[in-house]
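Hi everyone, and thanks for making time. I have one structure to show you today, so let me put it up on the screen.

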Amino acid sequence: MAALPHDTHYRAVENLLYEWARAIDENRIEAICNLLLPDGRYTVTSRFNRDRGLPLAVIDAHGAAQLRDRIKSMRIANVYEPHHYRHILSGIQIVGEAGGCLEVRSNFLVVRTMDLDGDMAIYASGQVCDSVDVSGEQPRFRRREFIYDSRVIETLMVIPL
Amino acid sequence: MAALPHDTHYRAVENLLYEWARAIDENRIEAICNLLLPDGRYTVTSRFNRDRGLPLAVIDAHGAAQLRDRIKSMRIANVYEPHHYRHILSGIQIVGEAGGCLEVRSNFLVVRTMDLDGDMAIYASGQVCDSVDVSGEQPRFRRREFIYDSRVIETLMVIPL
Amino acid sequence: MAALPHDTHYRAVENLLYEWARAIDENRIEAICNLLLPDGRYTVTSRFNRDRGLPLAVIDAHGAAQLRDRIKSMRIANVYEPHHYRHILSGIQIVGEAGGCLEVRSNFLVVRTMDLDGDMAIYASGQVCDSVDVSGEQPRFRRREFIYDSRVIETLMVIPL
């Protein structure tokens with residue numbers, strides 16, 4: 001049986017995805033900015049829009065600085081009912097290579113818990129399409145594209161996925 | 001500390017399970033037929049029936065051709081409200097060897113999203129008992145047995161798990 | 001790119017976590033006692049209490065023998081509606097080393113299915129903080145700390161997580 005290509009990078013890529021999720025779940029959200037390349041891209045789109053080529057995204061950050069700004073405004077300006085996420089990731093596969101980066105696919109499920117009443121629900125599920133740069137000392141995201149399954153996600157997404 | 005037996009095959013087996021799930025989630029359902037041996041077996045049974053030795057299964061395909069037929073009828077004949085799945089897999093373990101194949105266990109959770117209103121729910125959870133043939137160039141399933149936890153799954157399962 | 005530290009132990013640690021979950025899901029709950037060191041610690045606490053340093057825990061077993069007692073009383077004395085769990089684990093990371101053990105983080109989601117009516121729901125989600133001893137032939141837990149997200153978990157937790 002042939003070995004999988006890119007197998008040597010698998011663990012580091014997997015760990016990068018887990019690191020992003022855990023930073024958010026542990027409310028150290030600012031830390032995700034260091035996992036995105038300075039000129040990287042981070043988007044959150046519905047499957048409905050994406051399948052139709054519609055450009056509208058819930059989040060669309062061009063670069064780590066823009067993502068940092070968004071998180072800052074979340075900390076300072078946004079008024080919202082306190083809640084936190086729990087990420088469940090699955091099916092991480094390195095499916096190819098493009099532009100010197102690894103193309104990665106994975107599935108996600110986010111459970112949201114409201115701090116006040118403890119209400120717990122599936123907030124979002126979907127697929128992530130990542131492009132990961134493994135040329136440096138630590139792997140980082142060139143592109144993260146979250147595509148969530150259901151259009152009925154609440155319009156205001158405060159915490160990034 | 002001793003290494004786990006079968007460790008060299010782990011990544012390829014894991015990738016095979018992910019490939020099956022992703023083909024369904026991305027609506028390339030026909031592709032799963034190539035992951036099952038021509039004379040392989042694919043079944044979907046409730047834990048209730050399985051624990052009692054009751055033979056009734058929601059899906060019972062004897063071979064890749066029969067599975068292909070079922071998917072074809074889904075595409076052409078079945079009338080159902082459009083929906084899609086999101087597979088979350090976990091706990092993949094190679095637990096032994098039998099008949100020249102690896103015995104694999106894993107847990108699954110499938111979130112179903114209705115295309116029209118975006119309604120999202122846990123459709124099924126359970127365990128998969130797989131028998132994987134790793135003797136060829138690519139690993140393939142000799143047997144896939146999905147055992148779902150709840151009897152209240154809707155009778156008509158259109159899309160395979 | 002540098003390799004991850006502790007990478008050689010990763011698979012064995014992952015398998016240990018999966019083994020614990022599968023023993024419970026397959027109703028071989030007694031088996032988890034063999035995965036905890038004789039003087040190990042197993043606790044289940046809410047995020048709410050933990051963040052405030054409140055000591056109250058739903059389960060707090062000092063050692064494998066105490067855990068065995070608890071499971072025995074569950075089998076013999078507790079009166080409860082029959083149900084079972086399905087564990088979905090994700091994001092397993094070895095984050096450091098302390099006292100000769102590996103420090104491990106992971107996320108969990110437990111789906112609970114009632115045997116009688118088949119009712120299925122997210123019972124708990126959260127993070128696990130593990131300390132794993134890999135010095136012996138088989139890895140074992142020195143400490144397992146389940147921290148669940150929602151305070152509204154039902155007070156009586158019969159089956160351990």
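I'll go through how the chains are related, how they touch, and then a few single residues. Please keep in mind that this is a predicted model.

Now to the contacts. Between chains A and B, 20 residues of chain A are in contact with 19 residues of chain B. Which elements of chain B supply at least two residues each to the side that touches chain A? They are the helix α1 (7-25) and the strands β3 (83-98) and β4 (101-114). The largest share comes from α1(B), which gives seven residues. For those of you who think in side chains, that side of chain B divides into nine nonpolar, five polar and five charged residues.

Do the copies use matching or different surfaces to meet? Different ones: only 11% of the interface residues of chain A are also interface residues in chain C, so the copies meet through different surfaces.

In chain A, N27(A) has a positive phi of about 60°, although N27(A) is not a glycine. You will find N27(A) in the loop between α1 (10-25) and β1 (36-46) of chain A. With 11 other C-beta atoms within 10 Å, N27(A) is exposed.

Over in chain C, N27(C) also has a positive phi of about 60° without being a glycine. Its place is the loop between α1 (7-25) and β1 (36-46) of chain C. N27(C) has 12 other C-beta atoms within 10 Å and is exposed; the cut-off for exposed is 12 or fewer.

And last, D60(C), which is found in strand β2 (residues 59-62) of chain C. Here the count is 15 C-beta neighbours inside 10 Å, so D60(C) counts as partly exposed. How far is D60(C) from Y18(C)? They are 42 residues apart in sequence and 21 Å apart in space, C-alpha to C-alpha.

That's my tour, and I'm happy to turn the model around for anyone who wants another look.

Notes:
Residues numbered from 1 in each chain as written. Chains lettered and ligands numbered in written order. Predicted model: local features only at pLDDT ≥ 70, side-chain atom pairs only at ≥ 80, totals over all residues. Contact = placed C-beta atoms within 7 Å. Helix = DSSP H or I, 4+ residues; strand = E, 2+ residues; numbered from the N terminus. Nonpolar A, V, L, I, M, F, W, Y, C, P; charged D, E, K, R; others polar. Buried ≥ 20, exposed ≤ 12 C-beta atoms within 10 Å, placed from the backbone.
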